[in-house]
Amino acid sequence: MFKAGIVGCVATAALLAGCQAVNTTSGGAVGVERKQYMFSMLSSAEVDQMYAQSYQQTLNEASGKGVLDNTSANAKRLRTIADRLIKQAPNFRQDAAQWAWEVNLIKSDELNANCGPGGKIIFYSGIIEKLNLSDDEIAAVMGHEIAHALREHGREAMSKAYGIELGKKGAGALLGLGADSMALADAAVQYGMTLPNSRSNENEADLIGLELAARAGYNPNAAISLWQKMSTANEGAPPEFMSTHPSSSSRISALQQAIPKVMPLYEQAKNNG
C-alpha cells in the first residue's frame with residue numbers, strides 16, 4: 001500500500017505538485033521515523049472537519065437510540081484515562097495540544113474502539129465488558145487508536161486513494177469542478193475512512209500507543225495481555241476491532257521487544273504521580 005501511494009502521487013506530480021513527504025510525529029523512545037506521503041491538496045484541517053461531521057452523526061444516532069453513555073462508571077473511567085493519554089500526545093506532535101479532543105462511550109456488544117482524525121475517540125461498551133479490561137488495558141487500546149490519529153493514517157490512506165482514483169479517471173477529473181471531481185473526492189474519503197490500516201501503520205500505532213500509555217503511567221505490559229485477550233475473544237473468531245487490527249505472535253513479539261524502551265518512562269510517571 002505504501003508503494004502504491006507513492007506511485008499514484010508521482011503520476012500526478014507534474015500537474016498537482018503531487019504528494020508531500022512529511023513526518024507527522026517525532027520518533028519518540030520507540031523510534032517511529034517513517035516518512036509519509038500526503039496529497040498536497042488534502043489538508044489535515046479538511047480531513048479533521050470531514051471526520052468531525054461523521055463523528056457527530058454517530059453520536060446523534062447513538063443518542064437517539066438511547067445508547068450514548070455519559071454517566072456510567074466505565075464512561076468515567078474512559079474520560080480519566082483519555083485525559084492522561086491526551087496530555088502525553090504533544091510528546092509526539094505539539095499541535096495535538098490544540099486539538100478538539102472528545103471521548104464517548106456507546107452501549108453496544110461490539111468489541112470495537114477508534115480514534116479518528118483530530119482526536120475523536122469512541123469506545124463501545126462490549127470491548128470493556130466482554131474482555132474485562134483493566135485500566136491499563138483500556139489505555140493500551142486507546143493509546144493505539146490515538147496513535148493512528150497522531151500519525152494521520154486516515155489522511156495518508158485518503159492520499160493513496162486520491163492517487164489511485166486519479167490514475168483511473170485522469171488528471172482532468174480533479175482539475176475540473178464537475179461530477180468527476182466530486183466522485184473522485186467521495187471515493188478517496190470512502191477508502192480513507194473504511195479500508196483497513198496497513199501492517200506498517202498498525203506497527204506504528206502499537207509502538208506509539210505503548211509509549212503514550214507508559215508516559216501516562218499505565219503499565220506497558222498490559223498491551224501483551226490485551227492482545228492475548230483479543231486473540232481468544234469469541235472462541236477464536238476475531239472481533240470487529242481485530243478485523244482491521246490483526247493480532248499475531250509477531251505483533252506480540254514486537255511489543256515485547258519495545259517494552260524495555262518505555263519502561264523507564266512508566267517508572268518515572270509512577271514516581272511523579
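# A sheet and the helices packed around it

In this predicted model, strand β5 and strand β6 (residues 120-124) run antiparallel and are joined by 4 bridges. Within this pair, Cys 115 stands opposite Ile 121 of β6. The two strands form a hairpin, with 3 residues between β5 and β6. Gly 118 lies in the turn and has a positive phi of about 85°.

Strands of a sheet pair through backbone hydrogen bonds, and the pairing can be parallel or antiparallel. Here the sheet is open and has 4 strands, in the order β3-β4-β6-β5, with mixed pairing. Which strands are at the edges? They are β3 (68-69) and β5 (113-116), each of which pairs on one side only.

Helices pack on this sheet. Helix α2 (residues 44-64) touches β3, β4 (102-106), β5 and β6. The direction of α2 makes about 35° with that of β6. Helix α5 lies across β4, β5 and β6, and runs at about 30° to β5.

Helix α5 also meets other helices. One of them is α3: the axes of α3 (residues 73-88) and α5 (residues 135-150) come within 10 Å and cross at roughly 55°. The crossing of α3 past α5 is right-handed. On the α3 side, the contact is made by Arg 77, Leu 78, Ile 81, Ala 82 and Leu 85. On the α5 side, it is made by Asp 135, Ile 138, Ala 139, Met 142, Gly 143 and Ile 146. By class, the residues of this contact between α3 and α5 are 8 nonpolar, 1 polar and 2 charged.

How do the axes of α5 and helix α10 (residues 222-232) cross, and at what angle? They come within 8 Å and cross at roughly 85°. The helices α5 and α10 are therefore roughly perpendicular to each other. From α5, the residues in contact are Asp 136, Glu 137, Ala 140, Val 141 and His 144. From α10, they are Ala 222, Ala 223, Ser 225, Leu 226, Trp 227 and Lys 229. The contact of α5 with α10 has 6 nonpolar, 2 polar and 3 charged residues.

Helix α10 leads on to another helix. With their axes 9 Å apart, α10 and helix α12 (residues 249-272) pack at an angle of about 170°. The two are therefore roughly antiparallel to each other. Ala 223, Ile 224, Trp 227 and Gln 228 of α10 meet Arg 251, Ile 252, Leu 255, Gln 256 and Ile 259 of α12. In the contact of α10 with α12 there are 6 nonpolar residues, 2 polar and 1 charged.

A last point is the confidence of the prediction. The protein chain has an average pLDDT of 83, and 75% of the residues score at least 70. Over residues 1-17, however, the pLDDT is below 50, and this stretch has 27 contacts in the model beyond near neighbours in sequence. Residues 177-182 also stay under 50, and for them the model has 5 contacts beyond four places in sequence. Where pLDDT is low, the predicted coordinates should not be read in detail.

Notes. Residues are numbered from 1 along each chain as its sequence is written. This is a predicted model: local features need pLDDT of at least 70, side-chain atom pairs count only at pLDDT 80 or more; totals for chains, interfaces and linings use all residues. Side-chain values use heavy atoms; hydrogens and water are left out. pLDDT is the predictor's confidence in each residue, from 0 to 100. Contact means heavy atoms within 4.5 Å. Axes are lines fitted to C-alpha atoms, for helices over the stretch in contact, and angles run from 0 to 180 degrees between N-to-C directions. A crossing is left-handed if the near helix is turned anticlockwise from the far one by less than a right angle, and right-handed if clockwise. Ala, Val, Leu, Ile, Met, Phe, Trp, Tyr, Cys and Pro count as nonpolar, Asp, Glu, Lys and Arg as charged, and the others, Gly among them, as polar. Angles under 35 degrees count as roughly parallel, over 145 as roughly antiparallel, 65 to 115 as roughly perpendicular and the rest as oblique. Two strands pair if DSSP finds at least two bridges between them.
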